[in-house]
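Have the viewer open and follow along.

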Amino acid sequence: MLLVIKLGGSILKDGASSSLIADLKKVVKQHRVVLVHGGGVEVTEIASKLGKEQKFVLSPEGFRSRYTDKETIEIYTMVMAGKLNKQIVLALQSQNIDAVGLSGLDASLLRAERKLKLIIIDERGRKKVIDGGYTGKITQVNTEFLTLLLEKGYVPVVTPIALSPDSEPLNVDGDRTAAIVAGALKADMLLMITDVAGLMLKDEYIPKITTTEVKEVLSTIGGGMSTKIHAGLEALNQGVSEVLITSGTINQPLTLALNHQVGTVIKK
């Protein structure tokens with residue numbers, strides 16, 4: 001199978017889990033794997049140390065995101081494509097996994113349109129239009145390049161930074177990046193590895209849900225999980241067979257997820 005795995009920043013904050021990496025070693029022997037990673041918390045911490053306080057904005061749909069100006073995209077690129085990406089590659093190499101660290105800038109892996117304007121909700125709860133900064137929406141994935149690496153047995157590790165038409169780096173959401181990459185590759189599964197067991201509704205863990213069912217309850221799902229659900233729906237609409245959201249803090253998280261023993265499975 002072809003798997004796209006999104007590693008959430010919360011899982012990576014203190015370094016990639018040894019149990020997760022050991023489990024990944026087993027998985028890559030049987031399946032082709034593309035990794036997409038997050039890391040926004042560390043970006044915020046390092047930006048603060050550099051004296052650049054981070055600003056977050058809220059969309060009318062309830063999505064909270066980083067406002068990315070010129071200085072912020074430089075810090076974001078440094079931390080995500082430099083520090084975090086290479087930490088993951090080193091962790092994989094320590095388990096003899098042939099990993100290749102990439103950002104969306106490399107080989108024009110991810111192309112995106114720059115968002116000229118953003119509609120946000122201000123402190124008073126009113127809609128407001130602001131400059132889009134250096135944020136983008138992915139328009140194209142270099143699947144030929146990814147396929148070439150996969151065919152040679154490499155594991156691409158992708159940082160969610162995309163290339164603008166003006167050759168500028170753009171901040172693109174990690175969950176959406178993973179979904180779009182999975183859809184472009186027609187992956188068999190998108191696994192979203194986070195720090196929670198899966199989708200919770202009314203304090204009840206949901207092991208399996210259809211796209212129709214999840215759309216009916218979408219408005220009741222909290223911000224962080226809502227972003228993952230939206231990304232999962234996007235992947236399914238692009239031809240991905242199934243989406244699975246699960247915790248990366250347990251033993252053998254990937255093996256158990258692939259066997260549908262943990263996490264929440266979303267299917268059409």
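## A serine to start with

Is serine 164 buried or exposed? At 2% relative accessibility, serine 164 counts as buried, where buried means under 20% relative accessible area, exposed over 50% and partly exposed in between (1.4 Å probe, protein chains only). You'll find serine 164 in the loop between β11 (161-163) and β12 (169-171); helices (H or I, at least four residues) and strands (E, at least two) are DSSP runs, numbered from the N terminus. Leaving aside neighbours within four places in sequence, serine 164 is in contact with Ala112 and Leu170, contact being heavy atoms within 4.5 Å.

A word on the ground rules: this is a predicted model, so local features need pLDDT of at least 70 and side-chain atom pairs count only at pLDDT 80 or more, while totals for chains, interfaces and linings use all residues. Residues are numbered from 1 along each chain as its sequence is written, and side-chain values use heavy atoms, with hydrogens and water left out.

## Where α5 meets α6

Now for a helix pair. The axes of α5 (residues 143-151) and α6 (residues 174-185) come within 10 Å and cross at roughly 80°. Those axes are lines fitted to C-alpha atoms, for helices over the stretch in contact, with angles running from 0 to 180 degrees between N-to-C directions. That makes α5 roughly perpendicular to α6 (under 35 degrees counts as roughly parallel, over 145 as roughly antiparallel, 65 to 115 as roughly perpendicular and the rest as oblique).

On the α5 side, Thr143, Leu146 and Thr147 meet Val181, Ala184 and Leu185 of α6. By class, this contact has four nonpolar, two polar and no charged residues; Ala, Val, Leu, Ile, Met, Phe, Trp, Tyr, Cys and Pro count as nonpolar, Asp, Glu, Lys and Arg as charged, and the others, Gly among them, as polar.

## Valine 181 and the cores

Valine 181 sits in helix α6 and, at 1% relative accessibility, counts as buried. Not counting residues up to four places away in sequence, valine 181 touches Val4, Val34, Leu110, Val141 and Leu146. Valine 34 is 147 residues from valine 181 along the chain, yet their C-alpha atoms are separated by 8.7 Å.

Valine 181 is also one of the residues with the most contacts inside the largest nonpolar core, which has 54 residues; Val4, Leu110 and Ile229 are among the others. A nonpolar core here is a set of buried Ala, Val, Leu, Ile, Met, Phe, Trp, Tyr and Cys residues joined through side-chain atoms within 4.5 Å. There's a second, separate core of 27 residues, including Leu20, Ile21, Val33 and Ala99.

## Helix α3 and what follows

In α3 (residues 40-49), the buried residues are Glu42, Val43, Ile46 and Ala47. Seen down the axis of α3, they fall within an arc of 135°, so they line one face of the helix (the arc is that of the directions from the helix axis to the C-beta atoms). They pack against β4 (64-66) and α4 (70-93).

After α3 comes glycine 51, with a positive phi near 85°. Lysine 52 lies in the loop between α3 and β3 (56-58), and this lysine is buried, with a relative accessible area of 15%. Beyond its neighbours within four places in sequence, lysine 52 is in contact with Ala47, Asp69, Glu71, Thr72 and Ile75.
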